[in-house]
Amino acid sequence: MAEGNSDKVAPNIKRLCRLIPQRCALLVCDMQEKFRPAILHFDDIVKNTSRIVESCKLLGVPILVTEQYPKGLGPTVDEIGIKGILPVSKTCFTMAVPQIINQLKTKHPKVDTVILCGVEAHVCIQATTVDFLERSFSVHVVVDCCSSRSLVDRMFAFDRIREMGAFLNTTESVILNLAGDSRHPQFKNLQKIISETGPDTGLAQTLKHQKSSL
């Protein structure tokens with residue numbers, strides 16, 4: 001009986017997809033200067049992403065960065081804080097390019113969960129989600145670190161991403177779940193990062209309108 005129950009419980013445990021630093025990688029997608037004037041709440045998602053980047057550095061979570069055609073769209077914005085991290089240049093929409101996949105396989109073979117931040121939600125974030133889910137990774141999309149030029153594209157992208165089987169998460173939730181315990185040696189440093197509530201990037205007002213229309 002116990003063995004049978006174990007078989008039934010195991011898939012559900014896998015589905016929880018805990019954020020364990022040794023099994024996670026942060027993917028920062030195309031947060032480039034030329035997108036700043038076009039993407040909704042760009043400065044706010046940059047601020048939130050920088051908080052996750054700083055936290056991942058403290059927790060030893062690998063950080064991988066891409067740039068979409070940097071020759072035309074410019075470099076990753078300075079505020080993200082990726083000094084010392086070499087971005088991968090790409091022209092396709094997905095981050096699952098050979099350089100990124102090879103880095104994960106060779107340098108971080110224990111990683112089975114990716115945390116996604118970046119733009120645009122309905123294009124590169126969605127395409128990256130599909131490709132990593134197909135490769136059997138768990139995917140957490142940080143909704144207050146992702147946006148699009150259009151609110152409609154952004155919100156429907158989140159709906160599609162959730163239906164695919166990825167998890168929608170938020171900045172502070174990701175940081176604290178990666179820490180796992182207030183006794184973590186880096187917890188005080190993480191507290192400093194989240195001491196002030198980060199910008200909601202327009203999501204609170206959007207949810208309010210959605211509820212009022214029901």
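I started with aspartate 112, which forms a salt bridge with arginine 23; their closest N and O atoms are 2.6 Å apart. The model is predicted, and I kept that in mind for every entry here. I then checked where the two partners sit in the chain. Aspartate 112 is in the loop between helix H4 (98-107) and strand E4 (113-119), while arginine 23 is in the loop between helix H1 (2-16) and strand E1 (24-29). The pair links distant parts of the chain, 89 residues apart.

Next I asked how many salt bridges a search of the whole structure finds. The search gave me eight. A reminder to myself: side chains of opposite charge can pair when their charged atoms come close.

I moved on to arginine 36 and looked up its partners. One of them is aspartate 43, with the closest N and O atoms 2.6 Å apart. Glutamate 79 also forms a salt bridge with arginine 36, and there the closest N and O atoms are 3.0 Å apart. Arginine 36 lies in the loop between E1 and helix H2 (42-59), and glutamate 79 in the loop between helix H3 (70-73) and strand E3 (88-90), so this pair ties together parts that are 43 residues apart in sequence.

Arginine 36 comes out at 22% relative accessibility, which counts as partly exposed. Aspartate 43 is partly exposed with a relative accessible area of 44%, and glutamate 79 is partly exposed with 41%. I also saw that Glu33 joins Arg36, Asp43 and Glu79 in a network of salt bridges.

My last entry is on helix H5, residues 121-134. I counted 14 residues in H5 and a reach of 18 Å from its first C-alpha to its last, which is close to the 20 Å expected at 1.5 Å a residue. Which residues of H5 are buried? My list is Ala121, His122, Cys124, Ile125, Gln126, Thr128, Thr129, Asp131 and Phe132. After H5 comes serine 136, and I noted that its phi is positive, near 70°.

How values were computed
Residues numbered from 1 in each chain as written. Predicted model: local features only at pLDDT ≥ 70, side-chain atom pairs only at ≥ 80, totals over all residues. Heavy atoms only, no water. Helix = DSSP H or I, 4+ residues; strand = E, 2+ residues; numbered from the N terminus. Expected span 1.5 Å × (residues − 1). Buried < 20%, exposed > 50% of the residue type's maximum accessible area, 1.4 Å probe, protein only. Salt bridge = Lys/Arg side-chain N within 4 Å of Asp/Glu carboxyl O.
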